[in-house]
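Subject: Structure for you to look at

Hello,

Here is the structure I promised to pass on. Please have a look at it, and then read my notes below.

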2 protein chains.
Amino acid sequence: MERTLSLETINKIGQEIRLCGWVNRRRDHGKIIFLDLRDRSGIIQIVCQKQAKDLRPEDVVEIYGKVKPRPKEMVNPKIQTGEVEIEAKKIRVLAKAVELPFDTGVDKLKVSLPTLLDYRPLSLRHSRSRAIFKVQETIISGFRESLKKQGFTEIQVPTIVPTATEGGSQVFKIKYFDRQAFLAQSPQLYKQIMVGVFERVFTLAHAYRAEPSITTRHITEYLGLDAEMGFIDSFEDIMAMVETVMREIFAQVEKKNKAELELFSATLPRLSAKIPMMKMRQAQEIIFKRVGRDNRREPDLEPEDEREICRYVLEEYGSDLVFITHYPTKKRPFYTYPDPKDPKYTLSFDLLGRGLEWVTGGQRINDYQMLLNNVKVWGNKPADFDIYLQAFKYGMPPEGGFCLGAERITMQILGLENIREASLFPRDMERVDIRLTEPKSGAKENKKK
Amino acid sequence: MERTLSLETINKIGQEIRLCGWVNRRRDHGKIIFLDLRDRSGIIQIVCQKQAKDLRPEDVVEIYGKVKPRPKEMVNPKIQTGEVEIEAKKIRVLAKAVELPFDTGVDKLKVSLPTLLDYRPLSLRHSRSRAIFKVQETIISGFRESLKKQGFTEIQVPTIVPTATEGGSQVFKIKYFDRQAFLAQSPQLYKQIMVGVFERVFTLAHAYRAEPSITTRHITEYLGLDAEMGFIDSFEDIMAMVETVMREIFAQVEKKNKAELELFSATLPRLSAKIPMMKMRQAQEIIFKRVGRDNRREPDLEPEDEREICRYVLEEYGSDLVFITHYPTKKRPFYTYPDPKDPKYTLSFDLLGRGLEWVTGGQRINDYQMLLNNVKVWGNKPADFDIYLQAFKYGMPPEGGFCLGAERITMQILGLENIREASLFPRDMERVDIRLTEPKSGAKENKKK
């Protein structure tokens with residue numbers, strides 16, 4: 001007999017069917033045992049008798065039974081199959097589960113984050129975890145599809161790189177045969193090279209940062225959603241593309257992930273007709289006037305400034321997002337285009353959302369001599385950038401691009417407290433699947449920032 | 001003035017337009033200079049006079065001009081814009097290129113592969129290189145879209161892993177803070193874990209092999225197109241899914257990449273109504289009968305056997321593809337399901353195409369005790385597989401999956417001689433962008449196999 005998915009039962013009332021899935025929860029009512037069966041399409045209630053007496057959560061079963069409408073007073077509006085239930089005829093166990101380390105039959109798991117990660121293969125099966133990664137899948141496909149519509153080509157770039165191009169301290173070293181190589185901190189140089197080939201490119205690339213600290217916003221391996229585009233008329237073209245992409249992502253999440261958003265009581269960012277933009281110095285000035293904090297000579301926005309300017313923009317413009325532009329030249333990488341009107345600042349931007357950086361981007365230097373000079377001024381050896389510099393030596397149009405972290409956007413859209421919840425198998429200096437060090441006097445469990 | 005793409009000119013005859021792109025080629029005819037301008041949509045002919053006298057290949061230009069129909073005898077059927085040309089009014093140079101190291105204005109670059117790779121940012125701009133990566137983009141999206149239609153969830157798995165799970169010698173080591181970690185040889189264990197979460201998953205994952213040899217078929221970093229599915233009734237379900245995916249890939253390449261296929265005089269694989277399948281031992285028997293080579297007791301197919309059985313299947317069944325099944329247990333990884341009827345062989349398969357392995361896959365052991373036992377029999381420590389084994393301890397249905405190498409499929413579809421041509425920035429033991437060692441007496445340039 002063909003397998004029926006739980007969600008398909010609502011169209012099969014009165015029919016004999018075969019279901020497969022996991023026991024999500026078991027409730028005993030005298031001789032009657034109710035099982036919630038979970039499969040990839042959702043949850044369905046199975047009414048059993050003694051056939052189910054030895055079953056426990058996460059047992060994998062095949063159930064033959066009949067689809068019946070539930071009595072009116074028993075309808076469960078919280079699940080899509082809430083108007084039906086299955087009268088079990090025969091149950092076959094496909095695989096047994098051992099006893100679980102914690103109760104998974106609850107709306108929200110009652111365990112600490114380290115425990116959640118220690119038992120990742122199990123905790124990921126919970127409805128809230130599944131929801132996070134369904135939303136993440138949509139974010140990624142929204143990014144991809146919006147760019148394909150705009151004439152971008154999807155490319156695949158390497159992560160093993162010959163030199164630590166963006167600063168040596170936070171880079172992981174690889175033993176590469178009898179040499180040393182490094183893990184890429186971003187696909188930046190390759191996506192720029194590829195502007196020379198396809199004009200508009202994007203890539204989904206793992207990026208690696210050897211950050212020797214534990215925060216709620218950083219992991220050592222993350223997925224960058226990177227785009228780069230040539231023949232821009234100004235750096236505002238790049239911000240316009242970011243806005244197009246973000247709107248498509250939100251539209252797709254809105255459409256595909258209503259249930260997931262509800263589970264987290266999450267709402268998508270509020271947007272005004274156009275995302276507001278202001279220079280970093282303007283933002284500091286506004287903050288000074290609002291709350292008296294004088295960071296007007298600081299070379300970057302402090303985390304508390306990012307939160308404050310987001311509050312301001314939400315009040316003034318009704319927008320959860322804001323572009324901050326013109327960061328100082330010395331705070332941006334060597335390839336960032338200086339503002340011709342004031343070269344101490346750059347044609348760069350961050351998109352802030354709900355108090356945190358969501359996207360970073362800018363126009364790049366496309367003139368070969370100017371770029372070569374900057375490589376040297378930043379203290380790098382041109383020979384280490386040979387392949388990259390070639391792309392500019394052989395003609396590169398005005399260009400720029402941007403990058404989103406997939407995990408961070410997921411975290412921000414759903415309002416998660418820790419980025420680790422938005423990574424299937426998060427890596428940090430204390431964990432690569434298993435804990436690398438034991439937590440010191442329980443301090444780690446509550447660590448925040 | 002809005003930019004017009006070269007391909008859009010065919011609908012703008014008589015109009016004044018602005019084009020942007022690279023000088024692909026220059027031909028002087030007395031006072032008239034013909035430029036081929038290249039942009040992301042294709043090539044178009046520009047008719048210039050002295051404004052173009054200082055231009056050379058790869059200069060980046062903006063051209064204001066008028067779209068004119070070409071005289072009948074001047075129509076060029078080889079390019080999509082062959083019926084029009086642009087009369088240039090004004091040319092502005094956006095970026096100059098230095099003199100090129102080789103002539104790029106030819107149908108096929110006349111340089112060796114090492115030189116092609118030494119000048120990758122330039123050589124990738126050639127029409128043949130661009131074609132390769134447009135086809136690769138289609139292969140990847142064909143894989144993704146066919147699986148999404150079949151209820152698969154796209155997942156993102158890490159590449160930094162705690163243990164060298166699939167054999168220690170060919171794995172790259174990373175210095176991970178004060179520890180050692182490794183680069184994943186495949187996303188295998190993670191995709192299996194995720195069957196417990198979403199039943200059907202796929203991932204595009206970089207895989208790393210420290211192969212200390214140079215062949216035409218291997219690179220040290222490649223893109224794996226990996227899928228895994230639960231609740232299979234038999235391992236033939238997996239092969240049926242492979243067939244569905246391959247047919248979708250071919251259909252999409254056929255539809256989107258006609259021009260690219262033509263450039264390589266490539267034809268898509270011939271397919272019979274159903275891809276033929278046979279056991280490895282049967283294949284060896286057939287080869288013995290056909291050509292007298294007796295490898296009937298060998299534990300694997302030799303490269304020449306793979307080519308021979310493909311010839312046989314093409315002659316007998318009119319198929320360029322064939323499934324070879326039931327490889328010996330000792331030649332497959334510890335998680336491969338042994339055939340209950342003859343446990344010396346496994347429920348595994350390779351899909352061979354045109355003499356080479358295209359896909360590998362099989363059913364996995366889903367019973368926890370059996371898997372735990374195999375981890376030990378294969379000489380591994382269960383503690384190193386803690387996270388992986390958890391997925392089975394907490395209930396895993398019968399499952400299996402498969403993997404394609406994106407570069408290899410690209411190479412095979414286009415009939416390329418070397419897999420490096422199908423990787424934007426190929427890595428091997430002698431190259432990470434730049435050559436790590438100098439070629440010895442020119443031998444490397446011709447190295448094949």
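In which helix of chain A is Leu122(A) found? Leu122(A) is found in helix H2 (residues 120-123) of chain A; helices (H or I, at least four residues) and strands (E, at least two) are DSSP runs, numbered from the N terminus.

Before the rest, a word on conventions. This is a predicted model, where local features need pLDDT of at least 70, side-chain atom pairs count only at pLDDT 80 or more, and totals for chains, interfaces and linings use all residues. Residues are numbered from 1 along each chain as its sequence is written, while chains are lettered from A and ligands numbered from 1 in the order in which they are written.

Back to Leu122(A): it counts as buried because it has 26 C-beta neighbours inside 10 Å (buried needs 20 or more other C-beta atoms within 10 Å, with C-beta atoms placed from the backbone). Setting aside neighbours within four places in sequence, Leu122(A) is in contact with Leu100(A), Thr104(A), Gln390(B) and Tyr394(B), contact being C-beta atoms, placed from the backbone, that lie within 7 Å.

Now the two chains together. The same surface serves both, as 100% of the contact residues of chain A recur in chain B.

Strand E8 (residues 173-176) of chain A and strand E8 (residues 173-176) of chain B run antiparallel, joined by three bridges; strands pair if DSSP finds at least two bridges between them. Lys175(A) has Lys173(B) as its bridge partner in E8(B).

Chain A also has an open sheet of eight strands with mixed pairing, in the order E6-E10-E11-E18-E17-E16-E13-E12. Strand E6 (153-154) and strand E12 (277-279) stand at the edges with a single partner strand each, so one side of each is left without a neighbour in the sheet. E6(A) runs parallel to strand E10 (residues 200-208) of chain A, with two bridges between them, and Thr153(A) stands opposite Val201(A).

Best wishes

Conventions
Contact = placed C-beta atoms within 7 Å. Buried ≥ 20, exposed ≤ 12 C-beta atoms within 10 Å, placed from the backbone.
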